[in-house]
Amino acid sequence: MIKKCLFPVFFACVFWAKPVHAQTAGDSIHPYIHADPTVFALVEKRKTIGIKNLKGYRVKIHFGGEKAKANEVKVKFCQLYPDVPAYIDYDTPNFSITVGNFRSRLEAYKVFKDIQTDFPNAFIVEMKIEYPDLTVKKEEPKTPEK
């Protein structure tokens, strides 16, 4: 009987032990990384040995067979959103324009919602991306308080 009563109490304590913090709508699309400086050294090492791509997401805004139309869409996008990189890819016989370098689908979705009014046929695709630019705040490890 005591075991049956302690089981729900245990789980209630676990779930209410720490508060959960969610992202706000004002969060930037450029994340801040709080980590040990050795992590950044490893990322730089990975770049120097030639691994330049990683699994991520982009937003595809155009897909078609005409190169001139693809270039026109890319120029229009770059004028409207100069801070988001745009890429033109050729996969026989079609040209596609993809934008952004997002590590998570949520980051891609934020930009997708912003550009949806100007590019209504846009959609999110999973593909190899370049390392995104990170705004880095390097911090020293915190020492425990006594």
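Reader: What counts as buried, and what as exposed?
Author: Buried means under 20% relative accessible area and exposed means over 50%, with partly exposed in between (1.4 Å probe, protein chains only). This is a predicted model, where local features need pLDDT of at least 70 and side-chain atom pairs count only at pLDDT 80 or more, while totals for chains, interfaces and linings use all residues. Residues are numbered from 1 along each chain as its sequence is written, and side-chain values use heavy atoms, with hydrogens and water left out.

Reader: Fine. Is F95 buried or exposed?
Author: F95 is buried, at 13% relative accessibility.

Reader: How many aromatic pairs are there?
Author: Four. Rings of Phe, Tyr and Trp (its six-membered ring) pair if their centres lie within 6.5 Å; planes under 30 degrees apart are stacked, over 60 edge-to-face, and the rest tilted. Y90 and F95 have ring centres 4.6 Å apart and planes at 45°, so that pair is tilted.

Reader: Which rings form a cluster?
Author: F77, Y81 and F119, linked by ring pairs.

Reader: And which charges sit over rings?
Author: The rule is NZ of Lys or CZ of Arg within 6 Å of the ring centre and within 35 degrees of the ring normal. R58 has its charged end over the ring of Y87, 3.8 Å from the centre. K76 does this with F119, at 5.2 Å from the ring centre.

Reader: Switching to salt bridges. How many?
Author: Three. A salt bridge needs a side-chain nitrogen of Lys or Arg within 4 Å of a carboxyl oxygen of Asp or Glu. In one of them, E126 pairs with K55, and the closest N and O atoms are 3.4 Å apart.

Reader: Where do E126 and K55 lie?
Author: E126 is in strand β5 (residues 123-130) and K55 in strand β2 (residues 53-64), so the bridge ties together parts 71 residues apart in sequence. Helices (H or I, at least four residues) and strands (E, at least two) are DSSP runs, numbered from the N terminus. E126 is partly exposed at 48%, and K55 is exposed at 54%.

Reader: What about E72?
Author: E72 bridges to K69, with the closest N and O atoms 3.9 Å apart. They are three residues apart in helix α3 (residues 67-80), about one helical turn. K69 is partly exposed, at 36%.

Reader: And R103?
Author: R103 bridges to E107, closest N and O atoms 3.8 Å apart. R103 is partly exposed at 33%, while E107 is buried at 19%.

Reader: Where does K60 lie, and what is its nearest opposite charge?
Author: K60 lies in strand β2. K60 is buried without a salt bridge; D89, the nearest side chain of opposite charge, is 7.0 Å away. Lys and Arg count as positive, Asp and Glu as negative; His and the chain ends are not counted.

Reader: What is K60 in contact with?
Author: Leaving aside neighbours within four places in sequence, K60 contacts S96, I97, T98, N121, A122, F123 and V125. Contact means heavy atoms within 4.5 Å.

Reader: Which residues of α4 are buried?
Author: In helix α4 (residues 105-115), E107, A108, V111, F112 and I115. Seen down the axis, they fall within an arc of 140°, so they line one face of the helix. The arc is that of the directions from the helix axis to the C-beta atoms. These buried residues pack against β2, α3, β4 and β5.

Reader: Last one. Which peptide bond is cis?
Author: T92 to P93, with omega near -5°. P93 lies in the loop between β3 (86-91) and β4 (94-102).
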